[in-house]
Amino acid sequence: MLRRSLALLSVAFSLPALAAAPGEPLTAARRTGDIVLDGRLEDPAWDLTPAFDGFVQVFPAQGAPPSERTEVRVLFDDRALYVGIVAHDRSPGEVRRPLGRRDRAPYSDAVTVVIDSMGDHRAAYVFELNAAGVQTDALLFEDDSSTGDWDAVWEAATAALPDGWGAELRIPLAALRFSNAPVQTWGFGVKRVIARRHEEVLSVLIPRGTRGQIARLGSLVGLEGLRPVQELEVAPYTAARLAFRPRVSDVPRPRDVDPVGDVGLDVRASLGRAVSLQGTLNPDFGQVEADEIIQNLSTFEIFFPEKRPFFTQGMDLFQPVAIPNRRSPQQLFYSRRIGLDAPILGAAKLTGKPSDTLQVGFADALVTGAGAGLPEATPDRSFRFDAAQPLHFGPRAALPELAPAPRNFLAGVARYQPAPSRSFGATFTSALPLGPACSIEDAEKDDEADDPRLRRPARCDVLGGNAAALDWNLRSRDGAWFLLGQVTGSQALGGAPTRAAPGAPISPRSRTLADGTVLEEGDLGYGAHAAVGRVGGEPWRFEVHWEYESPRLELNALGYQRTQNEQLGRALVRYVRPTGGGPFHSYALVTGVEGHRTTDGRGLARTKQVWIGGEAQLRTYQWVGCTALAEDRSWDVREISETGVALEKAPFTYAECYAALDPSRPVYLEVAAGSGRTAAVGPLGALGYWGTKGMLVVRPHARLESRLDVHYEASRWRARYVDEPTPGVYRFGDLGAPSLSVTVRQQLVVTPRLTLQGYAQLFASYGEFRGFRQAAARDRKVTLASLSPAEAPPPSENDFREGALNLNAVLRWEYRLGSTLYLVYTRAQRELEWDGASALPVTLGPHALGAGPATDTFLVKWTYYWTR
């Protein structure tokens, strides 16, 4: 939020400000004369528009007058919107202005400008600036949803003033979508945060806990003669990388030195009428922080957030319909699939609003890569052009042994919104394998062959598919009530042909899912989900959810689908007090039940669960919360993978609590701990498990921030699947698998455009199987009561150990607006692999980490931003 002092205003600006009541419109004026962005609002042009000061407090005392005065002025021309804010403060020395990197400002005094430039209450752009000049932007859409991944190139400046601080923002019109009407009214709001008091004031009263916030924005009037801007942005880049890596991936020595270079291009064009085109050629994401290492011993894939700029910007239209704070159970587009196993040659997306009620978007990406075609042990150090990666330069030995399978990814979305509170959408996605299909000769090649040319090619294991969905999102005018849902269909593509024995007939291309479903090429699957409820108002809110996934529904070629073969029912009730009471600023309680059953005709209960939880913010600004759940006996159809045999699961209980301190303090701490207990069933006794995690943030100086994350889990399971010693008989073992993750993040901010960020994660885990038992399946089920003692297999066949160290240091310098220089160092190191013959190292400390294989990479990346 921005503040500004009248003492430094020009004589013309010293005229009495026109006070406005909360909710009254702000008036913009066309700019005449120059504006120098310095945060002081001293240019005479600012005198053309009256100051708005009708702010109202929304936290901590909703509806009360602000403790400090705030003034806002708005100007515009044919290229940009200018917002000037003066944040008066009777104690200017107490203004909190810590530095941070872009989009990561620490809690501080700040101002936020929210703009609904279409004036249709459907989407709004958010521009935030803290008192130190750190910029953050985001996008609000469908009232209840938001994304911080949207980015725009805009300018801003702040200044310390004798009685507060000031801010000036220049927002290019090309970053906004608006109509070509001769006279326009935009939705508009400004928020200011006074950090030392935790005070939030708004230019229009939007009660805490309400929905339909975009529709509740105030108005910006006086916008005459505006026309959508057609602008072209071009950002070429070049990257030079020097990698020191093991010649053979799991052997520490010898190490080769690989010099590698890439060139590429990013393009963005504003085509008018709220239509934009963005493209990238050979994108390089080497400056992006590595994914966190997580131990995953479940049968479900972990969802990782997107961090690559091309896939985080302007993708709000591709977000699936879902309840706020819940991931869609049938997500057709999950951008992490693109570039996962092959480099991206090129990608493009087109988004726009061809009419007032219709939005459309298309995204397409081609992935293809070259392979060395030689064993790691006999590297080819020569440089050779390869058409599969024409903008990549490096020795042939730096390429993977096998060329990845080329694929084309396509996503298309259309959303019809006849009113702000109603939308109907259609989505289509395709992950199409390119090149020749996998033949039976390819499929039967030996994966262990020393010569890569004799191995099974990547195209035999590539996942492809088509998917389509229709969705709806209906809300009451105030946003409190909702009815949303989606119907989904999928078609499987790819797979490898098989035959039972040499000379036997060839089976169709297929793959087997974790629950034993055989998915042949061309198979169709279907699903749906729906939800209804009240998510606004107080004190009572409720939600009812229903989901259905047929056994052959498969969206993971380009989407994210946690599981299939499931029908879910969930109901929950909340008691909320956003304005608090007694010792709380706010508090909420929730309780719910849910059940999952298979959809394969057996109707097996996969989950039967009840839970209760609550959280509250204390008057001293700390947060506390607890959750408890109980799950009844059920069946796991994925544990005995790809067999279709269900394993009985014992009932269990689990509880966890967390506490978080005041985020405005120089030292901030979050801690959480939980524990659970599995009930005794048949020959299996009760078993307990627990875990804890914490985050400590220390800001000793306005330019420094240190963060420590620690996560420890003492994970223990009864009857985890081990193997099938004889046909139809399955062996299980009790698994103990503790894990420890320690992550350190260090940030030094020289200026908001020059930052140094360091990241280090040390991870260790091990797993031991004990107490082996076995049982035969009956009616494709294994009950816990049927388990009997079994002979233990060799430890090396099932026990495991993992240890790793990831380091990442990034110097980012935005040397001119939109143009950046990156200097990056990364190190990825793994423990020396356990040989299976010696005793398993049962320690969570570093073990043989220094002797393990490591890859060190130095990267220099330069981008230049040009706009017309």
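Reader: Is Arg196 buried or exposed?
Author: The model is predicted. A residue counts as buried when its relative accessible area is under 20%. Arg196 has 16% relative accessibility, so Arg196 counts as buried.

Reader: Which residue forms a salt bridge with Arg196?
Author: The partner of Arg196 in this salt bridge has its closest atom, N to O, at 3.1 Å. The partner is in the loop between β4 and β5, while Arg196 is in the loop between β11 and β12. The partner is Glu94.

Reader: Is Glu94 exposed or partly exposed?
Author: Exposed requires over 50% relative accessible area, and buried requires under 20%. Glu94 has 44% relative accessibility and therefore counts as partly exposed.

Reader: Where is the partner of Arg570 in its salt bridge with Glu594?
Author: The side chains of Arg570 and Glu594 meet in a salt bridge at 3.1 Å, N to O. Arg570 is in strand β29, and the pair links distant parts of the chain, 24 residues apart. Glu594 is in strand β30, residues 584-597.

Reader: Which residues do salt bridges that share partners join into one network?
Author: The structure holds 53 salt bridges. Salt bridges that share partners make one network, and its members are Glu68, Asp89, Arg90, Glu94, Arg192, Arg196 and Arg197.

Reader: Is Asp461 buried or exposed?
Author: The side chains of Asp461 and Arg456 meet in a salt bridge, with N and O 3.0 Å apart. Arg456 is buried, because its relative accessible area is 18%. Asp461 has 53% relative accessibility, so Asp461 counts as exposed.

Reader: How many residues does the largest nonpolar core have?
Author: Those with the most contacts inside this core are Leu81, Phe127, Trp186, Phe188 and Leu220. Elements that give two or more residues to the core include β4 (80-88), β6 (123-130) and β11 (183-194). The size of the largest nonpolar core is 40 residues.

Reader: How many residues are in the second, separate core?
Author: Among the members of this second core are Phe318, Ile338, Ala347 and Val367. The count for the second core is 19 residues.

Reader: What is the order of the strands in the open sheet of 3 strands?
Author: The edge strands are β24 (496-498) and β26 (518-520), since each pairs on one side only. Neighbouring strands of this sheet are turned by 55 degrees against each other on average, direction ignored. β24 and β25 pair in the antiparallel sense over 2 bridges. The order of the strands is β24-β25-β26.

Reader: Which residue in β25 stands opposite Thr498?
Author: Strand β25 covers residues 507-512 and pairs with β24. The residue of β25 opposite Thr498 is Ser507.

Reader: Is Asn806 buried or exposed?
Author: Asn806 is found in strand β43, residues 800-816. Beyond four places in sequence, the contacts of Asn806 include Ile293, Tyr759 and Arg827. Asn806 has 14% relative accessibility, so Asn806 counts as buried.

Note on methods:
Residues are numbered from 1 along each chain as its sequence is written. This is a predicted model: local features need pLDDT of at least 70, side-chain atom pairs count only at pLDDT 80 or more; totals for chains, interfaces and linings use all residues. Side-chain values use heavy atoms; hydrogens and water are left out. Helices (H or I, at least four residues) and strands (E, at least two) are DSSP runs, numbered from the N terminus. Buried means under 20% relative accessible area, exposed over 50%, partly exposed in between (1.4 Å probe, protein chains only). Contact means heavy atoms within 4.5 Å. A nonpolar core is a set of buried Ala, Val, Leu, Ile, Met, Phe, Trp, Tyr and Cys residues joined through side-chain atoms within 4.5 Å. Two strands pair if DSSP finds at least two bridges between them. Axes are lines fitted to C-alpha atoms, for helices over the stretch in contact, and angles run from 0 to 180 degrees between N-to-C directions. A salt bridge is a side-chain nitrogen of Lys or Arg within 4 Å of a carboxyl oxygen of Asp or Glu.
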